[in-house]
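Subject: Structure handover

Hello,

Here is the structure I promised to pass on. Please open it first, then read my notes below.

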Amino acid sequence: MTSDTPARRRDRVFSRRRGAPSRARRRIGAAVRMLAALALAGGVYTAFAPGAFAEDNTQLSTAAQQGKELFDQSCITCHGRDGQGVTDRGPSLIGVGSASVEFQVGTGRMPMTRQEAQAEQKKPQFTPDETKQLAQYIQEIGGGPEIPAGDLTDDLKTNPEALARGGELFRVNCTSCHSFTGAGGALSSGKFAPSLHDATAEQIYAAMLTGPQNMPVFGDNQISPDEKREIITYITQQLQENKDPGGVFNLGGYGPATEGMAIFLVGITILVFTSLWIAGKS
């Protein structure tokens, strides 16, 4: 049996040190494996999810290309490159759709001159064609609600049933803010519901679809497209032409109920005083 001399023990220690990887080498190897796994995962994601990068390669129509030029000149400062929005300046336009652009730009509310409680209607800075081009650009890069093509009320103008249904829907959904006559009204925090007397059919439809300012969004699952058209018919055929549903006196625009109540109260008062006068004479 051989003795375990110091020299042999030293040789065994050095042999183990040469055979086992150092701590630094183990750390480097782990980092390399992690980077390789990340690169592999990124490659697989890129291969199977190309739609995530399709935005940069979107082919714009001619109208949208013209709209992009207008956007880059007048809107990019607040709404950012490709409509992504700028913090504390303007919101993202991705998903708002052409309907929102046609309402905001077509009524002169955009571009805003300064940040206020509410964007007020003013003279539009873009022509109708330029507004359509801007709307088409935003629609193609982000999607969203669109105004149907064609005349929205042409086939309902002579339909009394559609007019009656539109009036009922308007009174249920719109009068709390816009009043029974469509004249608008004050809201909280310096905001207000605008008058509907000069609004076009397209603007009203776009407002219901997109919910500008304080107005709620009335999606097609809440108010169907046909019901929206009936509401527009009532506004354009009844309210904008000052056809008071009550008859002669237009007592608040509530319809015949207020006029009937007023006639009843006035009539009863006259009858009471007449009876007292006759009784006094006798």
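**Lys 228 and its helix**

Lys 228 sits in helix H10. Keep in mind throughout that this is a predicted model.

Is Lys 228 buried or exposed? Its relative accessible area is 0%, and the cut-off for buried is under 20%, so Lys 228 counts as buried. Not counting residues up to four places away in sequence, Lys 228 touches Tyr 205, Met 208, Leu 209, Phe 218, Gly 219, Asp 220 and Ile 223. One of these partners, Leu 209, is 19 residues from Lys 228 along the chain. The C-alpha atoms of that pair are separated by 9.3 Å.

The rest of H10 is mostly covered too: twelve of its 15 residues are buried. The buried stretch takes in Lys 228, Arg 229, Glu 230, Ile 231, Ile 232, Thr 233, Tyr 234, Ile 235, Thr 236, Gln 237, Gln 238 and Leu 239. H7 and H9 are among what covers them. The helix length checks out. At 1.5 Å a residue, the 15 residues of H10 should span 21 Å, and the end C-alpha atoms are 20 Å apart, which agrees.

**The cores**

The largest nonpolar core has 23 residues. Which of them touch the most other members? They are Leu 152, Phe 170, Ile 204, Met 208, Ile 231, Ile 232 and Ile 235. Helices H5 (97–106), H7 (160–173), H9 (201–210) and H10 (225–239) each give two or more residues to this core. H9 gives the most, with seven residues.

Take Ile 232 from that list. Leaving aside residues up to four places away in sequence, Ile 232 touches Leu 152, Thr 153, Ala 201, Ile 204, Tyr 205 and Met 208. Another core, of 14 residues, lies apart from the largest one. Its members include Leu 93, Val 101, Val 105 and Ile 138.

**H6 and Thr 131**

Helix H6 covers residues 128–142. Its 15 residues should span 21 Å at 1.5 Å a residue; the end C-alpha atoms are 21 Å apart, which agrees. Which residues of H6 are buried? They are Thr 131, Gln 133, Leu 134, Ala 135, Tyr 137, Ile 138, Gln 139 and Ile 141. H3 and H5 are among the elements that cover them.

Thr 131 has a relative accessible area of 6%, which is under the 20% cut-off, so Thr 131 is buried. Beyond residues up to four places away in sequence, Thr 131 touches Val 101, Glu 102, Val 105, Gly 106 and Phe 126. Just after H6, Gly 143 takes a positive phi of about 70°.

**H3**

Helix H3 runs over residues 62–74. At 1.5 Å a residue, its 13 residues should span 18 Å; the end C-alpha atoms are 19 Å apart, which agrees. The buried residues of H3 are Ala 64, Gly 67, Leu 70 and Phe 71. Seen down the helix axis, they fall within an arc of 115°, so they line one face of H3. They pack against helix H4 (76–79) and helix H6. What does the face turned away from the buried side carry? The exposed residues there are Thr 62, Glu 69 and Gln 73.

**The largest pocket**

The largest pocket has a volume of about 590 Å³. It is lined by 24 residues. Closest to its centre are His 79, Pro 91, Leu 93, Gln 104 and Met 110. H3, H4, H5 and H6 each supply at least two residues of the lining. H5 gives the most, with four residues.

**The whole chain**

How many helices and strands does the protein have? There are eleven helices and two strands. From the N terminus on, the order is α-α-α-α-α-α-α-α-β-β-α-α-α. Of the 282 residues, 29% count as buried. Among contacts between residues at least 6 apart in sequence, 55% join residues at least 24 apart.

Best wishes

Terms used. Residues are numbered from 1 along each chain as its sequence is written. This is a predicted model: local features need pLDDT of at least 70, side-chain atom pairs count only at pLDDT 80 or more; totals for chains, interfaces and linings use all residues. Side-chain values use heavy atoms; hydrogens and water are left out. The expected span of a helix is 1.5 Å times one less than its number of residues. Buried means under 20% relative accessible area, exposed over 50%, partly exposed in between (1.4 Å probe, protein chains only). The arc is that of the directions from the helix axis to the C-beta atoms. Contact means heavy atoms within 4.5 Å. A nonpolar core is a set of buried Ala, Val, Leu, Ile, Met, Phe, Trp, Tyr and Cys residues joined through side-chain atoms within 4.5 Å. On a 1 Å grid over the protein atoms alone, a cavity is a set of points where a 1.4 Å probe fits but cannot get out, and a pocket is an open set with protein on both sides within 12 Å along at least five of seven lines; lining residues have an atom within 4 Å of a point. Grid points are joined across faces, edges and corners, and a volume is the space filled by probe spheres set on the points.
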